[in-house]
Amino acid sequence: MARAVLLFRLIVRSMVRDRARALLTVSAVALGVAVIVAVDLAGEASMGSFRSSLEALQGTASHEITQAGGIPDAVHGDLVRLEEPLVFSPRVEGFASLVETGERVPLFGVDLIGDPTLGEKGSMARPGTSELLDPDSVWASDSLGIAPGARLAVVGADRRTELEVRGVIETSEAQADRYLLMDIAAAQRLLGRTGRLDRIYVHAPLDETRDWEERLRPVVPPGAAILPSGTRTEDNRRMLRAFRWNLRMMSYTTILVGAFLIYNTITAYVVRRRQQIGIVRAVGASRTMIRSAFLFEGAVFGLLGAAAGLVVGRLLAIGAVEAVGGTVSSLYVTSTPGDLELRPWTVALAVLTGVGTSIASAWWPAREAAGGAPTEAMARARLDTQVRTASGRFTIVAAVLTGLAIACCFVPPVDRIPVGGYLAPILLAGAVALVAPRLSAVVLRIAGRALAAPFGVIANVAARGLAASLGRTSVIVTAMAVATALVVSMGVTVGSFRETVVDWLESRLQADYYVSPAGPGGRGAGSTMDEEVAARLETVPGVMDVGRFRTHSLRYDSIPATLGLADVALYERHPGVEFLDGSVPEAVWAELARGDRVIVSELFSYRHDVHRGDTIRLALGSGLVELGIAAVFYDYSGERDLLLGDREALLEHLPDPRLSSAGVYLEPDADFAASHATLLRAVSGRGVKVTPTRTIREEAIRIFDRAFAITWALEAIAMFVAILAMAEALLNLVFDRRSELALLRMHGASVAQVRRLVLVQAGLLGALASGVGLVLGAATAQVLLRVIHKQSFGWSVQLHWPWELLAGALGVIVAASVVAGLYPARVGSRLAPVEVLRAD
Amino acid sequence: MARRRWRAARLLVLAAALGGALGAGVDAQGAGPETGAGRVVPGYPFEFPRDHFSHPAFDTEWWYYTGNLEAASGRHFGFELTFFRKTRAVDRVEPSAWDLDQFWLAHFTITDTREERFIVDERANRSGPGIAGSDVEKRRIWNGNWSVEWRPGDEARPTQVLTAMNRTASLRLTLSPRKPAVVHGHGGVSRKAAADPRAASHYLSFTRLAATGTLTIESEAFAVTGLAWMDHEFFADYPIEGKVGWDWMSIQLDDGVDLMLFGIRDANGGYGADTTGTLVDAGGAARHLEFGEVILRPGRRWRSGSTEAEYPVEWEVEIPGIGLRLDVRPRIDAQEVFAEGGILPAYWEGAVVVSGEREGKPTGGIGYLEMTGYAEEFDTGGIGDERTGAESGSAR
């Protein structure tokens, strides 16, 4: 018992004495845990409670009926006459922008007269007789903060309208949905959807479990979908899960880097206290006791780090919610972030990762401390010798790991989560860790000679010094390399992706201007404008062609998709689509014009495993239509499946001539700048906007960059932790080699030379890590692009090397290494040679 | 409260739509006599089946089915299935199926005498895309899945099939007329007030319909048979000065005689001269009962727990001209048609039994009794919303 006390005192005392180092280690763990906590919290807040904003008025429905292109009004009449105890709630759904604030809010058209479920949902203050029926009557949810009686200018579809707010609908505090509500007739007019419903909710008796779908089926058109209510939320969740997994994996990288830091720290203690350990062992402490003591130390770091990490993570989450929410909004669907809530699960996760990682990192040093005979423990550099002798065996294991990593790339995703893809970089990192000693030895030997010329003999000494403590050197190289690889792989991936998107935007957006409904835009807006707008544009002098475009939402194999209807005849003159499978464009356009073919996005093809020549059955309008796939095309417009068909030909199934947008192609000699004004004049009076294509591209890129902001933030944190690890490792090195440094000084080396020695070592480490990181990063980038991205998003991205970015990043890493060496250099140069030698 | 406010919005539409009609004195805003072009004039050329279906030119129209049913065990039930229609002027700049030019309301009630249970449901709809309406081609009047279908065949005595359901009860009845339709009043016009000939409607009834079918309550199905009554009335809205409601009853006597009687009541509870009706003999021949020929005396009152309204649920009826005196008793007291947050002002409509004597000989039968204008909301016009009172109160 007394020995145990002695032992623990040994540990605790040194932790207290070496406060700076302890603090550093705890900080690293805290940062790692904080990132995990923040990402987890932000993910939950911005997506966990994620609900489509259009589900605000869903109520207690059990099913919902939808149809590509909208449900004909009459279907509702047929449904309500069904002799069943069912209640049906028809909905027109769209978005309107508030002219004053520019905010885009969901606009619901409901049956204010006949829908008995509305009484359960909203309440409206002070309604009156004629108000319900006025086409300009609107009700606003209380969270919009609009007072009853206010006039409200909105733009819905292509018209601007003045509405009168007749009342306010109370919403629950938890949801605080922001929306407008009108009678169905008025909403249809405002949104240009007269004759069509977007959704019919079915309320079935709760106590009866019958197959209602079977009962409804004969009444609704074959093309209509009957889905369990809440499918949209489910869709969104599924869509976002892959995205969340990627974020999570990235957040774990930080703790991985942090693990090296813990390893370093514990190793440092072991090294420093070798003599004390020997004494404790000599007085009878068992190996197990020694090992437990150091593992305990690791656990303490972990626990402290986790506690701090929780606090910091909660703070970081505030920023992260915005970043993650921004990504979700720009890549997926508009969402309103929920509350940040520290769940028991999150706390457990933090403690588990913090303590778990710490104990795991302390394992080797603890073993090393406990390992030898008491006298051996007092000798130094056992680890270094071990590493040196074992490096051959390590290399073989590394090769095996690399092989496994490659094999992992061919493992299919599990539930759209690329498990193999995640495993591969981890295995690769393991391989790097194992080859690091041998690689470092070789590189350092060469570097030592090469550097002798420019930096003098001290450089050679520096390199040899590093080579001599290979155990430590290789660990720090691995840690740095992993962090660097993270930067490199993300740089390459995001850079490639961005470049690909830029190229794609360039080729896809062929028109000079795009005309679309003025107000609401963006994902899922579904706003349309009258076809007459296109006809007017065609009459403008200098306009060569006007491409009419319409999108419809549909489902294929229960996954939501968008069907775009375009004037394919125009694609012959203005090719805007590129094919994956080498299809001949002219042939494809001709096939599309027949109306029994579509082309599908790569994502669609990948997800449903359908290819050129296959036939798919699509629910279009009221019917089910067999369509052949004429080709597969590149698309990076988002995470949604996309199909393209000929508008003219498919109007037969989707007989709604309104347009989502129109592309204006100018004559080659037309005055671009002057055209804008002319076009605007041509469509004046219509609530449409005319946007130059350049602006659309810029906006797309801006959205892209915003979507990846969180990625960069996570990387920066990981890199920061790596540099902390670097500083600490150098400090260890200095301490470990203090007698050599003292000897050097005794032999006449100046303070400046010793400082330079440490700095050169720092630089060498940085360079070595950068090199290894570059290779590991490049390999990881391949895995990210070809496996993880492909499996979770289905995009194939052309590889682009963002050279400038990479060069910059590597430069920063080497520079940061040198900076990190400044303090150890000072410590090293200030060692009093005589005292050091005497102590040894 | 929230719920009630919201309902109030819908209620007001209906108050406008039906207040003038049912309330017989509530001048609802926006639904003046000018709304529909149709006028009630003597000599209206009735033509069937056309006139069994809707007359959109007239402001207001309704089809009332009521009846007494018995299960094989002898267990008694009453039912009411009513379709109301209201024309509204609509500005058709951009026509939509959802325009509210025709407003439809329906009531469905079941009286379970043994359990003393009264099931009430209300349904409001616009015509919309086939949600509610009247279709002479399809021989159907419907509001959602509540409907009456007229079977082709004998046009003088058309079989009518009723269907109605909610989550508690469902009813499917086949009604076969035992007598042809009766047009009330003189010259096809049923007048409501002795002093004002403009207060009138076109009003016809099938006074004796043999009913067979199935009634299901809480998934317990009863095969039922019985006698039903059908009223069909259409008119231009016209408020009657100083009147607050009416009392109406249909009586089917055991000897085959049927009676339709009503009185339009003023604020003091009197009728003045405004009581009238029709007597249909066993052979189906109708005789109009002139103003004052009918004496209606309210008896025991029952107070509604829901609306606090007091209804005279027992009546004494006298028609001295034919030597008839009848006591009218409700099957159960609680037959007030009041849906929580419902649209129409509450009224009482329920199954009754009658007994009495005609020219000294005992007689008896069954029937339905309707009493409007007793509930406070109805009376003041302030149907759950302060604005209504302000807007329509002036007409009182």
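## Chain B

Among contacts in chain B between residues at least 6 apart in sequence, 57% join residues at least 24 apart, a contact being a pair of residues whose C-beta atoms, placed from the backbone, lie within 7 Å. The model is predicted, so local features need pLDDT of at least 70 and side-chain atom pairs count only at pLDDT 80 or more, while totals for chains, interfaces and linings use all residues. Residues are numbered from 1 along each chain as its sequence is written, and chains are lettered from A and ligands numbered from 1 in the order in which they are written.

The secondary structure of chain B comes to three helices and 25 strands, where helices (H or I, at least four residues) and strands (E, at least two) are DSSP runs numbered from the N terminus.

## Nonpolar cores

The largest nonpolar core holds 325 residues, of which A:L537, A:I599 and A:M726 touch the most other members; such a core is a set of buried Ala, Val, Leu, Ile, Met, Phe, Trp, Tyr and Cys residues joined through C-beta atoms within 7 Å. Helix α25 (residues 751-792) of chain A supplies the largest share of this core, 20 residues. A second, separate core has 11 residues, including A:A285 and A:A370.

Leaving aside residues up to four places away in sequence, A:I599 touches A:V588, A:L592, A:I629, A:A630, A:A631, A:V632, A:F633 and A:L644.

## Domains 2 and 4 of chain A

The domain assignment of chain A, which is automatic or taken from a database, includes domain 2 (59-229) and domain 4 (519-686). The C-alpha centres of these two domains lie 28 Å apart, and 18 residues of domain 2 are in contact with 25 residues of domain 4.

On the side of domain 2 that touches domain 4, β3 (87-98) and β6 (151-156) of chain A each supply at least two residues, and β3(A) gives the most, with four.

## Strand pairing around β7(A)

Strands pair if DSSP finds at least two bridges between them. Strand β7 (residues 159-169) of chain A runs parallel to strand β5 (residues 137-141) of chain A, with five bridges, and A:A140 stands opposite A:V168.

β6(A) and β7(A) run antiparallel and are joined by six bridges, with A:L163 as the bridge partner of A:L152. Their hairpin has two residues between the strands, and A:A157 takes a positive phi near 50° there.

Definitions and conventions: A residue is buried if 20 or more other C-beta atoms lie within 10 Å of its own, exposed if 12 or fewer, and partly exposed in between; C-beta atoms are placed from the backbone. Two residues are in contact if their C-beta atoms, placed from the backbone, lie within 7 Å.
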